[in-house]
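Here is a friendly walk through one protein structure, meant for someone meeting it for the first time. Have the picture at hand and follow along.

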Amino acid sequence: MPVARPEPSEVRVIAHVDLDCFYVQVEQRKRPELRGKPTGVVQYNPWRGGGLIAVGYEARQFGVTRNMRGDEAKKVCPNIELIQVPVAHGKADLTQYRDAGSEVVAVLSRKGTCERASIDEVYLDITDACVASALEEQFSDDVLKSHVLGLSEIDNEAGTTVEAWFRKSVADARDRMLAIGAVIISDLRKAVLMETGFTCSAGIAHNKMLAKLASGMHKPAQQTLVPSSSVTKLLATLPIKKMKQLGGKLGDSLQSDLRVVFVGDLLQFSESKLQNLYGINTGTWLWNIARGLSGDEVKPRTLPKSHSCGKTFPGPKSLKNLAEVKHWITELAMELQERLETDLCQNHRMAHLLTLHAGTSQGYKTNSDNKFPSKSCVLRYGKEKIASDAFKLFERALSDYLAQNKASPIKGGSGIWAVTSLFIGASNIWAIPSVSMWCFCSFLGLLYVRMIHSFVFLFW
Ligand code: DCP
(Lines give C-alpha, C1' and ligand atoms only; values in the text may rest on other atoms or scores of the structure.)
Protein backbone atom coordinates (compact mmCIF):
# COMPACT_ATOMS: atom_id res chain seq x y z
CA MET A 1 0.00 0.00 0.00
CA PRO A 2 1.69 3.29 -1.04
CA VAL A 3 2.02 5.91 1.69
CA ALA A 4 1.42 9.57 0.81
CA ARG A 5 3.97 11.82 2.51
CA PRO A 6 3.98 15.57 1.87
CA GLU A 7 7.05 16.75 -0.02
CA PRO A 8 9.15 18.96 2.30
CA SER A 9 9.21 22.66 1.40
CA GLU A 10 13.00 22.95 1.36
CA VAL A 11 14.80 21.76 -1.78
CA ARG A 12 16.39 18.30 -1.45
CA VAL A 13 18.93 16.59 -3.67
CA ILE A 14 18.51 12.83 -3.83
CA ALA A 15 20.48 10.34 -5.91
CA HIS A 16 19.69 6.76 -6.78
CA VAL A 17 22.89 4.87 -7.56
CA ASP A 18 22.67 1.51 -9.33
CA LEU A 19 25.68 -0.68 -10.12
CA ASP A 20 25.97 -1.76 -13.76
CA CYS A 21 25.49 -5.47 -14.61
CA PHE A 22 26.49 -6.08 -11.03
CA TYR A 23 27.18 -9.82 -10.77
CA VAL A 24 29.12 -9.67 -14.04
CA GLN A 25 31.33 -6.88 -12.70
CA VAL A 26 32.00 -8.87 -9.52
CA GLU A 27 33.06 -11.89 -11.60
CA GLN A 28 35.17 -9.73 -13.92
CA ARG A 29 36.97 -8.20 -10.96
CA LYS A 30 37.88 -11.71 -9.82
CA ARG A 31 39.04 -12.62 -13.32
CA PRO A 32 40.34 -9.41 -14.94
CA GLU A 33 41.01 -11.26 -18.23
CA LEU A 34 37.21 -11.20 -18.74
CA ARG A 35 37.00 -7.39 -18.69
CA GLY A 36 35.77 -6.05 -22.03
CA LYS A 37 34.64 -9.51 -23.16
CA PRO A 38 31.00 -10.58 -23.53
CA THR A 39 30.19 -12.14 -20.16
CA GLY A 40 27.13 -13.43 -18.36
CA VAL A 41 26.33 -14.98 -14.99
CA VAL A 42 24.06 -18.02 -14.92
CA GLN A 43 22.10 -19.67 -12.15
CA TYR A 44 23.70 -22.82 -10.88
CA ASN A 45 20.99 -25.08 -12.35
CA PRO A 46 22.81 -26.26 -15.50
CA TRP A 47 19.67 -27.17 -17.50
CA ARG A 48 20.19 -25.84 -21.07
CA GLY A 49 23.26 -23.90 -19.99
CA GLY A 50 21.63 -22.32 -16.91
CA GLY A 51 19.34 -19.29 -16.72
CA LEU A 52 21.10 -15.93 -17.20
CA ILE A 53 20.66 -13.62 -14.25
CA ALA A 54 23.19 -10.94 -15.23
CA VAL A 55 24.39 -9.89 -18.67
CA GLY A 56 27.43 -7.67 -19.33
CA TYR A 57 27.01 -4.73 -21.70
CA GLU A 58 29.32 -6.24 -24.33
CA ALA A 59 27.05 -9.32 -24.50
CA ARG A 60 23.91 -7.17 -24.65
CA GLN A 61 25.17 -5.76 -27.97
CA PHE A 62 24.80 -9.25 -29.45
CA GLY A 63 21.20 -9.49 -28.24
CA VAL A 64 21.85 -11.55 -25.11
CA THR A 65 19.22 -10.81 -22.46
CA ARG A 66 18.49 -11.86 -18.88
CA ASN A 67 16.27 -14.95 -18.62
CA MET A 68 17.77 -16.51 -21.77
CA ARG A 69 19.26 -19.94 -21.14
CA GLY A 70 23.05 -20.18 -21.49
CA ASP A 71 22.62 -22.32 -24.64
CA GLU A 72 20.50 -19.63 -26.31
CA ALA A 73 23.04 -16.96 -25.36
CA LYS A 74 25.82 -19.03 -26.96
CA LYS A 75 23.83 -19.13 -30.19
CA VAL A 76 23.56 -15.34 -30.50
CA CYS A 77 26.99 -14.67 -29.00
CA PRO A 78 29.31 -17.68 -29.45
CA ASN A 79 32.21 -16.03 -27.58
CA ILE A 80 30.24 -15.28 -24.47
CA GLU A 81 31.87 -16.37 -21.19
CA LEU A 82 29.25 -17.83 -18.87
CA ILE A 83 30.04 -17.97 -15.18
CA GLN A 84 28.00 -19.93 -12.71
CA VAL A 85 27.02 -18.35 -9.40
CA PRO A 86 28.79 -20.00 -6.45
CA VAL A 87 26.82 -22.73 -4.69
CA ALA A 88 26.38 -23.54 -0.98
CA HIS A 89 23.72 -25.62 0.78
CA GLY A 90 22.47 -26.82 -2.62
CA LYS A 91 21.60 -23.30 -3.75
CA ALA A 92 23.11 -20.07 -5.06
CA ASP A 93 25.47 -18.44 -2.58
CA LEU A 94 25.30 -14.66 -2.95
CA THR A 95 27.78 -13.80 -0.18
CA GLN A 96 30.46 -12.42 -2.51
CA TYR A 97 27.93 -10.14 -4.26
CA ARG A 98 26.52 -8.88 -0.94
CA ASP A 99 30.03 -8.15 0.31
CA ALA A 100 30.93 -6.35 -2.92
CA GLY A 101 27.76 -4.24 -2.53
CA SER A 102 28.86 -3.34 1.02
CA GLU A 103 32.21 -2.07 -0.31
CA VAL A 104 30.33 0.31 -2.60
CA VAL A 105 28.01 1.46 0.20
CA ALA A 106 31.07 2.29 2.34
CA VAL A 107 32.30 4.68 -0.37
CA LEU A 108 28.93 6.24 -1.20
CA SER A 109 27.95 6.88 2.42
CA ARG A 110 30.75 9.44 2.83
CA LYS A 111 28.72 12.30 1.45
CA GLY A 112 25.28 12.07 3.01
CA THR A 113 22.49 9.89 4.30
CA CYS A 114 22.71 6.50 2.64
CA GLU A 115 19.95 3.91 2.30
CA ARG A 116 20.90 0.53 0.90
CA ALA A 117 17.86 -0.39 -1.17
CA SER A 118 18.98 -3.74 -2.58
CA ILE A 119 22.10 -5.77 -3.24
CA ASP A 120 23.29 -3.20 -5.82
CA GLU A 121 21.17 -0.07 -5.30
CA VAL A 122 21.57 2.85 -2.94
CA TYR A 123 19.67 6.07 -2.29
CA LEU A 124 21.66 9.07 -1.13
CA ASP A 125 20.37 12.30 0.35
CA ILE A 126 23.17 14.75 -0.39
CA THR A 127 21.19 17.92 0.38
CA ASP A 128 23.49 19.07 3.22
CA ALA A 129 26.61 18.50 1.12
CA CYS A 130 25.03 20.54 -1.70
CA VAL A 131 24.09 23.41 0.64
CA ALA A 132 27.66 23.47 1.94
CA SER A 133 29.22 23.60 -1.55
CA ALA A 134 29.40 26.33 -4.13
CA LEU A 135 28.93 25.74 -7.84
CA GLU A 136 32.33 25.93 -9.47
CA GLU A 137 32.95 27.94 -12.63
CA GLN A 138 34.64 25.06 -14.43
CA PHE A 139 33.01 21.69 -14.86
CA SER A 140 35.01 18.51 -15.38
CA ASP A 141 34.51 16.43 -18.51
CA ASP A 142 32.90 13.74 -16.37
CA VAL A 143 30.30 16.14 -15.02
CA LEU A 144 29.61 17.46 -18.53
CA LYS A 145 28.88 13.91 -19.65
CA SER A 146 25.75 14.03 -17.44
CA HIS A 147 22.39 13.75 -19.17
CA VAL A 148 19.93 16.50 -18.32
CA LEU A 149 16.34 15.44 -18.91
CA GLY A 150 14.33 17.70 -21.19
CA LEU A 151 17.39 19.77 -21.99
CA SER A 152 16.25 21.04 -25.40
CA GLU A 153 12.88 22.21 -24.04
CA ILE A 154 14.39 23.88 -20.98
CA ASP A 155 17.12 25.87 -22.48
CA ASN A 156 16.65 26.77 -26.09
CA GLU A 157 17.98 30.27 -25.65
CA ALA A 158 21.25 29.33 -23.99
CA GLY A 159 21.83 26.55 -26.49
CA THR A 160 21.22 22.90 -25.86
CA THR A 161 24.54 21.86 -24.45
CA VAL A 162 24.91 20.36 -21.02
CA GLU A 163 27.57 22.95 -20.26
CA ALA A 164 25.11 25.77 -21.00
CA TRP A 165 22.58 24.17 -18.66
CA PHE A 166 25.15 23.95 -15.86
CA ARG A 167 26.08 27.62 -16.32
CA LYS A 168 22.48 28.76 -16.38
CA SER A 169 21.55 26.61 -13.36
CA VAL A 170 23.14 29.25 -11.08
CA ALA A 171 20.12 31.48 -11.64
CA ASP A 172 17.60 28.98 -10.28
CA ALA A 173 17.84 27.75 -6.68
CA ARG A 174 16.52 24.27 -7.47
CA ASP A 175 18.63 23.77 -10.60
CA ARG A 176 21.74 25.09 -8.84
CA MET A 177 21.34 22.49 -6.07
CA LEU A 178 20.89 19.79 -8.71
CA ALA A 179 24.01 20.94 -10.57
CA ILE A 180 26.07 20.84 -7.35
CA GLY A 181 24.59 17.39 -6.69
CA ALA A 182 25.73 16.28 -10.15
CA VAL A 183 29.32 17.28 -9.33
CA ILE A 184 29.20 15.44 -5.97
CA ILE A 185 27.73 12.26 -7.47
CA SER A 186 30.19 12.32 -10.36
CA ASP A 187 33.05 12.48 -7.81
CA LEU A 188 31.51 9.68 -5.74
CA ARG A 189 31.08 7.45 -8.80
CA LYS A 190 34.72 8.07 -9.66
CA ALA A 191 35.72 7.14 -6.08
CA VAL A 192 33.67 3.92 -6.35
CA LEU A 193 35.51 3.04 -9.56
CA MET A 194 38.93 3.81 -8.10
CA GLU A 195 38.39 2.00 -4.81
CA THR A 196 36.27 -0.98 -5.83
CA GLY A 197 36.77 -1.26 -9.59
CA PHE A 198 33.00 -1.10 -10.24
CA THR A 199 31.12 1.30 -12.50
CA CYS A 200 27.69 2.55 -11.53
CA SER A 201 24.97 4.78 -12.94
CA ALA A 202 22.91 7.38 -11.10
CA GLY A 203 19.73 9.41 -11.24
CA ILE A 204 19.86 12.81 -9.51
CA ALA A 205 16.61 14.60 -8.69
CA HIS A 206 14.68 16.37 -5.96
CA ASN A 207 13.08 13.20 -4.60
CA LYS A 208 13.60 9.45 -4.44
CA MET A 209 10.89 8.58 -6.93
CA LEU A 210 12.33 10.76 -9.71
CA ALA A 211 15.93 9.75 -8.92
CA LYS A 212 15.01 6.07 -9.24
CA LEU A 213 13.20 6.65 -12.53
CA ALA A 214 16.26 8.40 -13.96
CA SER A 215 19.10 6.11 -12.83
CA GLY A 216 18.37 3.45 -15.43
CA MET A 217 17.84 5.86 -18.33
CA HIS A 218 21.48 6.06 -19.35
CA LYS A 219 23.67 3.08 -18.52
CA PRO A 220 26.41 1.98 -18.04
CA ALA A 221 28.61 4.44 -16.11
CA GLN A 222 26.48 7.53 -16.69
CA GLN A 223 24.28 9.87 -14.70
CA THR A 224 20.98 11.57 -15.45
CA LEU A 225 19.61 14.75 -13.88
CA VAL A 226 15.90 15.53 -13.53
CA PRO A 227 15.30 19.30 -13.33
CA SER A 228 11.83 20.20 -12.00
CA SER A 229 10.91 21.75 -15.35
CA SER A 230 11.27 18.36 -17.09
CA VAL A 231 9.02 16.37 -14.77
CA THR A 232 5.64 16.93 -16.48
CA LYS A 233 7.01 15.78 -19.82
CA LEU A 234 8.75 12.77 -18.26
CA LEU A 235 5.56 11.55 -16.58
CA ALA A 236 3.38 12.25 -19.63
CA THR A 237 4.98 9.32 -21.44
CA LEU A 238 5.82 7.07 -18.51
CA PRO A 239 3.66 3.91 -18.70
CA ILE A 240 1.71 3.53 -15.47
CA LYS A 241 3.08 0.03 -14.82
CA LYS A 242 6.67 1.32 -14.80
CA MET A 243 6.00 3.32 -11.67
CA LYS A 244 7.04 1.64 -8.39
CA GLN A 245 3.93 0.35 -6.53
CA LEU A 246 1.79 0.44 -9.70
CA GLY A 247 2.98 -2.86 -11.17
CA GLY A 248 0.17 -4.84 -9.50
CA LYS A 249 -3.55 -4.56 -8.79
CA LEU A 250 -3.63 -0.79 -8.30
CA GLY A 251 -2.01 -0.25 -11.71
CA ASP A 252 -4.47 -2.74 -13.26
CA SER A 253 -7.40 -0.85 -11.79
CA LEU A 254 -6.09 2.52 -13.04
CA GLN A 255 -5.76 1.07 -16.52
CA SER A 256 -9.10 -0.72 -16.70
CA ASP A 257 -11.32 1.53 -14.55
CA LEU A 258 -9.91 4.99 -15.32
CA ARG A 259 -8.30 4.27 -18.72
CA VAL A 260 -5.01 5.67 -17.45
CA VAL A 261 -2.10 4.67 -19.70
CA PHE A 262 0.66 7.04 -18.60
CA VAL A 263 1.38 8.43 -15.13
CA GLY A 264 0.69 11.95 -16.45
CA ASP A 265 -2.87 10.90 -17.40
CA LEU A 266 -3.68 11.02 -13.67
CA LEU A 267 -3.47 14.83 -13.85
CA GLN A 268 -7.05 14.95 -15.16
CA PHE A 269 -8.47 13.62 -11.85
CA SER A 270 -8.99 15.74 -8.76
CA GLU A 271 -7.50 14.62 -5.46
CA SER A 272 -10.99 14.07 -4.00
CA LYS A 273 -12.02 11.89 -6.96
CA LEU A 274 -8.89 9.72 -6.52
CA GLN A 275 -9.54 9.56 -2.76
CA ASN A 276 -13.15 8.49 -3.33
CA LEU A 277 -12.00 5.71 -5.61
CA TYR A 278 -8.89 4.46 -3.79
CA GLY A 279 -9.11 5.76 -0.22
CA ILE A 280 -7.66 8.92 1.31
CA ASN A 281 -4.03 7.86 1.53
CA THR A 282 -3.71 6.13 -1.86
CA GLY A 283 -5.78 8.87 -3.56
CA THR A 284 -3.40 11.57 -2.31
CA TRP A 285 -0.39 9.47 -3.24
CA LEU A 286 -1.72 9.10 -6.82
CA TRP A 287 -2.43 12.85 -7.02
CA ASN A 288 1.13 13.54 -5.86
CA ILE A 289 2.90 11.14 -8.21
CA ALA A 290 1.04 12.61 -11.20
CA ARG A 291 2.92 15.82 -10.34
CA GLY A 292 6.23 14.11 -9.58
CA LEU A 293 5.84 14.81 -5.85
CA SER A 294 7.08 12.41 -3.20
CA GLY A 295 8.02 13.12 0.39
CA ASP A 296 9.67 9.74 0.93
CA GLU A 297 12.80 10.19 2.99
CA VAL A 298 16.14 8.50 2.52
CA LYS A 299 16.38 6.38 5.64
CA PRO A 300 19.83 6.08 7.17
CA ARG A 301 20.41 2.37 6.61
CA THR A 302 23.58 0.83 5.27
CA LEU A 303 22.81 -2.65 6.58
CA PRO A 304 19.99 -4.91 5.38
CA LYS A 305 16.59 -4.68 7.13
CA SER A 306 16.18 -8.46 7.02
CA HIS A 307 17.91 -11.63 5.85
CA SER A 308 16.09 -14.08 3.70
CA CYS A 309 17.11 -17.37 2.11
CA GLY A 310 15.03 -19.06 -0.51
CA LYS A 311 14.99 -21.62 -3.26
CA THR A 312 12.61 -22.34 -6.11
CA PHE A 313 11.57 -25.82 -7.23
CA PRO A 314 10.11 -25.34 -10.67
CA GLY A 315 7.92 -27.88 -12.50
CA PRO A 316 9.01 -31.46 -11.91
CA LYS A 317 11.36 -30.38 -9.11
CA SER A 318 8.46 -29.28 -6.89
CA LEU A 319 8.44 -30.80 -3.39
CA LYS A 320 5.57 -33.20 -2.79
CA ASN A 321 6.20 -34.62 0.66
CA LEU A 322 7.17 -33.43 4.12
CA ALA A 323 10.56 -35.18 4.12
CA GLU A 324 11.67 -33.19 1.06
CA VAL A 325 10.39 -29.96 2.59
CA LYS A 326 12.23 -30.71 5.84
CA HIS A 327 15.47 -31.38 3.96
CA TRP A 328 15.35 -28.01 2.17
CA ILE A 329 14.24 -26.08 5.24
CA THR A 330 17.30 -27.51 7.02
CA GLU A 331 19.58 -26.32 4.17
CA LEU A 332 18.01 -22.85 4.24
CA ALA A 333 18.27 -22.73 8.05
CA MET A 334 22.03 -23.39 7.82
CA GLU A 335 22.48 -20.46 5.46
CA LEU A 336 20.28 -18.19 7.56
CA GLN A 337 22.18 -19.05 10.75
CA GLU A 338 25.51 -18.30 9.01
CA ARG A 339 24.24 -14.90 7.91
CA LEU A 340 22.82 -14.13 11.34
CA GLU A 341 26.15 -15.01 12.95
CA THR A 342 28.03 -12.76 10.53
CA ASP A 343 25.61 -9.91 11.25
CA LEU A 344 26.04 -10.47 14.99
CA CYS A 345 29.84 -10.49 14.85
CA GLN A 346 30.31 -7.70 12.31
CA ASN A 347 27.45 -5.36 13.18
CA HIS A 348 26.38 -6.45 16.69
CA ARG A 349 22.79 -6.93 15.54
CA MET A 350 20.26 -9.65 16.33
CA ALA A 351 17.05 -10.59 14.52
CA HIS A 352 13.88 -11.40 16.43
CA LEU A 353 11.28 -12.68 13.96
CA LEU A 354 11.39 -15.82 11.83
CA THR A 355 9.05 -15.97 8.82
CA LEU A 356 8.32 -18.77 6.41
CA HIS A 357 6.81 -18.27 2.94
CA ALA A 358 6.11 -20.99 0.41
CA GLY A 359 4.74 -21.02 -3.10
CA THR A 360 2.56 -23.88 -4.30
CA SER A 361 1.14 -24.98 -7.60
CA GLN A 362 -0.18 -27.89 -9.59
CA GLY A 363 -2.36 -29.49 -6.94
CA TYR A 364 -4.62 -26.53 -6.36
CA LYS A 365 -5.32 -23.55 -8.53
CA THR A 366 -4.49 -20.65 -6.26
CA ASN A 367 -6.07 -17.25 -6.02
CA SER A 368 -5.57 -14.56 -3.39
CA ASP A 369 -8.02 -16.30 -1.01
CA ASN A 370 -6.50 -19.75 -0.98
CA LYS A 371 -2.80 -19.21 -1.47
CA PHE A 372 -0.29 -20.79 0.89
CA PRO A 373 -0.22 -18.54 4.00
CA SER A 374 3.00 -17.05 5.41
CA LYS A 375 3.69 -17.77 9.08
CA SER A 376 5.97 -16.16 11.66
CA CYS A 377 7.25 -16.86 15.15
CA VAL A 378 9.90 -15.62 17.56
CA LEU A 379 13.36 -16.34 16.15
CA ARG A 380 15.65 -18.60 18.19
CA TYR A 381 19.34 -18.68 17.17
CA GLY A 382 21.02 -21.95 16.15
CA LYS A 383 20.59 -23.87 12.90
CA GLU A 384 18.70 -26.78 14.48
CA LYS A 385 16.28 -24.45 16.26
CA ILE A 386 15.69 -22.38 13.14
CA ALA A 387 15.14 -25.52 11.06
CA SER A 388 12.72 -27.06 13.56
CA ASP A 389 10.78 -23.79 14.11
CA ALA A 390 10.57 -23.13 10.36
CA PHE A 391 9.34 -26.67 9.74
CA LYS A 392 6.65 -26.22 12.40
CA LEU A 393 5.62 -22.99 10.66
CA PHE A 394 5.41 -24.91 7.40
CA GLU A 395 3.20 -27.58 8.97
CA ARG A 396 0.87 -24.92 10.44
CA ALA A 397 0.67 -23.12 7.09
CA LEU A 398 0.05 -26.39 5.24
CA SER A 399 -2.75 -27.34 7.60
CA ASP A 400 -4.46 -23.91 7.07
CA TYR A 401 -3.93 -24.21 3.33
CA LEU A 402 -5.46 -27.69 3.15
CA ALA A 403 -8.39 -26.63 5.35
CA GLN A 404 -9.08 -23.61 3.11
CA ASN A 405 -8.98 -25.72 -0.02
CA LYS A 406 -11.16 -28.42 1.49
CA ALA A 407 -13.73 -25.81 2.44
CA SER A 408 -13.74 -24.33 -1.03
CA PRO A 409 -12.26 -26.83 -3.50
CA ILE A 410 -11.15 -25.28 -6.75
CA LYS A 411 -12.21 -26.92 -9.96
CA GLY A 412 -9.37 -28.28 -12.04
CA GLY A 413 -7.00 -29.03 -9.15
CA SER A 414 -5.73 -32.52 -8.42
CA GLY A 415 -5.86 -31.92 -4.70
CA ILE A 416 -2.19 -32.88 -4.19
CA TRP A 417 -0.03 -30.14 -2.78
CA ALA A 418 3.31 -29.30 -4.37
CA VAL A 419 5.77 -26.69 -3.14
CA THR A 420 7.45 -24.63 -5.86
CA SER A 421 9.35 -22.20 -3.63
CA LEU A 422 10.48 -21.96 -0.02
CA PHE A 423 11.78 -18.88 1.77
CA ILE A 424 12.76 -18.34 5.37
CA GLY A 425 13.54 -14.87 6.61
CA ALA A 426 14.82 -13.19 9.75
CA SER A 427 13.57 -9.68 10.47
CA ASN A 428 13.00 -7.20 13.32
CA ILE A 429 16.75 -6.73 13.49
CA TRP A 430 18.04 -4.49 16.27
CA ALA A 431 21.49 -3.43 17.34
CA ILE A 432 22.49 -5.01 20.65
CA PRO A 433 23.21 -2.37 23.30
CA SER A 434 26.94 -2.42 24.03
CA VAL A 435 26.36 -3.59 27.65
CA SER A 436 24.49 -6.68 26.41
CA MET A 437 27.20 -7.24 23.82
CA TRP A 438 29.79 -7.11 26.59
CA CYS A 439 27.76 -9.64 28.65
CA PHE A 440 27.36 -11.83 25.58
CA CYS A 441 31.10 -11.76 24.86
CA SER A 442 31.91 -12.39 28.54
CA PHE A 443 29.53 -15.37 28.45
CA LEU A 444 31.32 -16.72 25.38
CA GLY A 445 34.67 -16.07 27.09
CA LEU A 446 33.57 -17.96 30.24
CA LEU A 447 32.34 -20.83 28.11
CA TYR A 448 35.70 -20.94 26.40
CA VAL A 449 37.62 -20.93 29.71
CA ARG A 450 35.38 -23.76 31.04
CA MET A 451 36.00 -25.78 27.86
CA ILE A 452 39.77 -25.38 28.27
CA HIS A 453 39.47 -26.43 31.96
CA SER A 454 37.49 -29.55 31.04
CA PHE A 455 40.00 -30.35 28.35
CA VAL A 456 42.98 -30.02 30.70
CA PHE A 457 41.12 -32.04 33.37
CA LEU A 458 40.43 -34.85 30.90
CA PHE A 459 44.08 -35.27 30.03
CA TRP A 460 45.44 -34.77 33.51
N1 DCP B 1 19.60 -10.60 -10.23
C2 DCP B 1 19.20 -11.93 -10.05
N3 DCP B 1 18.00 -12.36 -10.55
C4 DCP B 1 17.21 -11.50 -11.22
C5 DCP B 1 17.59 -10.17 -11.39
C6 DCP B 1 18.82 -9.75 -10.89
O7 DCP B 1 19.91 -12.71 -9.43
N8 DCP B 1 16.06 -11.95 -11.72
C9 DCP B 1 20.92 -10.18 -9.71
C10 DCP B 1 21.96 -10.17 -10.81
C11 DCP B 1 22.19 -8.72 -11.10
C12 DCP B 1 21.86 -8.05 -9.79
O13 DCP B 1 20.87 -8.86 -9.18
O14 DCP B 1 23.54 -8.45 -11.52
C15 DCP B 1 21.35 -6.65 -9.95
O16 DCP B 1 20.19 -6.66 -10.78
P17 DCP B 1 19.81 -5.45 -11.71
O18 DCP B 1 18.36 -5.58 -12.03
O19 DCP B 1 20.26 -4.16 -11.09
O20 DCP B 1 20.60 -5.69 -13.07
P21 DCP B 1 22.15 -5.62 -13.40
O22 DCP B 1 22.91 -4.89 -12.35
O23 DCP B 1 22.65 -6.99 -13.73
O24 DCP B 1 22.15 -4.80 -14.77
P25 DCP B 1 21.83 -3.26 -15.02
O26 DCP B 1 23.14 -2.64 -15.41
O27 DCP B 1 20.86 -3.27 -16.14
O28 DCP B 1 21.27 -2.66 -13.75
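Predicted model: local features only at pLDDT ≥ 70, side-chain atom pairs only at ≥ 80, totals over all residues.

## The six-stranded sheet

Let's start with the sheet that holds strand E10. Six strands make up this open sheet, and their order is E7-E8-E1-E10-E11-E9, with mixed pairing. At the edges sit strand E7 (113–118) and strand E9 (147–148), each of which pairs on one side only. As background, strands of a sheet pair through backbone hydrogen bonds, either parallel or antiparallel.

Now zoom in on E10, which covers residues 200–205. Why can E10 be called largely enclosed by the rest of the structure? Six of its six residues are buried, so the rest of the structure largely encloses this strand. Its residues point two ways: Cys 200, Ala 202 and Ile 204 go one way, while Ser 201, Gly 203 and Ala 205 go the other, and all are buried.

E10 has strand E1 (residues 14–19) as one partner, and these two pair in the antiparallel sense over six bridges. Look for Asp 18, whose bridge partner in E10 is Ser 201. Asp 18 also stands opposite Glu 121 in E8. Strand E8 (residues 121–125) is joined to E1 by five bridges, and the two run antiparallel.

E10 also pairs with strand E11 (residues 223–225), this time in the parallel sense over three bridges. Here Ile 204 has Leu 225 in E11 as its bridge partner.

Helix H4 (residues 95–108) lies across E1, E7 and E8, and runs at about 160 degrees to E7.

Next comes strand E2, residues 39–42. Thr 39 and Val 41 point one way from E2, Gly 40 and Val 42 point the other way, and all are buried. Here are the pairings of E2 with other strands.

| Pair | Sense | Bridges |
|---|---|---|
| E2 and E4 (residues 81–84) | parallel | four bridges |
| E2 and E3 | antiparallel | three bridges |

For landmarks, Gly 40 has Leu 82 as its bridge partner in E4, and Val 42 stands opposite Leu 52 in E3.

How many cavities of 30 Å³ or more does the structure hold? There is one, and the largest cavity has a volume of about 30 Å³. Its lining includes Val 17, Leu 19, Gly 101, Asp 120 and Glu 121. E1, H4 and E8 each supply at least two residues of that lining, and the largest share, four residues, comes from H4. That brings back H4, the helix lying across E1, E7 and E8.

The second largest pocket holds about 310 Å³ of space. It is lined by 17 residues, and Tyr 23, Ile 53, Ala 54, Arg 66 and Asp 120 lie nearest its centre. E1, helix H1 (22–30), strand E3 (52–55) and helix H2 (57–60) each provide at least two residues of this pocket's lining. Asp 120 turns up in the lining of the largest cavity and in that of this pocket.

## A buried lysine

Is Lys 91 buried or exposed? With 5% relative accessibility, under the 20% cut-off, Lys 91 counts as buried. Lys 91 sits in strand E6 (residues 91–92). Leaving aside residues up to four places away in sequence, Lys 91 touches Tyr 44, Pro 86, Cys 309, Gly 310, Lys 311, Leu 332 and Glu 335.

Most residues other than glycine have a negative phi, and most peptide bonds are trans. A few places here go against that.

- The peptide bond from Lys 219 to Pro 220 is cis, with omega near -10 degrees. Pro 220 is in the loop between H10 and E11.
- Asn 67 is not a glycine, yet has a positive phi of about 85 degrees. It lies in the loop between H2 and helix H3 (70–76), and at 64% relative accessibility it counts as exposed.
- Gln 245, also not a glycine, has a positive phi of about 80 degrees. Its loop runs between helix H11 (231–236) and helix H12 (249–258), and at 44% relative accessibility Gln 245 counts as partly exposed.

Notes
Residues numbered from 1 in each chain as written. Heavy atoms only, no water. Buried < 20%, exposed > 50% of the residue type's maximum accessible area, 1.4 Å probe, protein only. Pairing = 2+ DSSP bridges. Contact = heavy atoms within 4.5 Å. Axes fitted to C-alpha atoms, helices over the stretch in contact; angles between N-to-C directions. 1 Å grid on protein atoms, 1.4 Å probe; cavity = no way out; pocket = protein on both sides within 12 Å on 5 of 7 lines; lining within 4 Å. Points joined across faces, edges and corners; volume = space filled by probe spheres on them.
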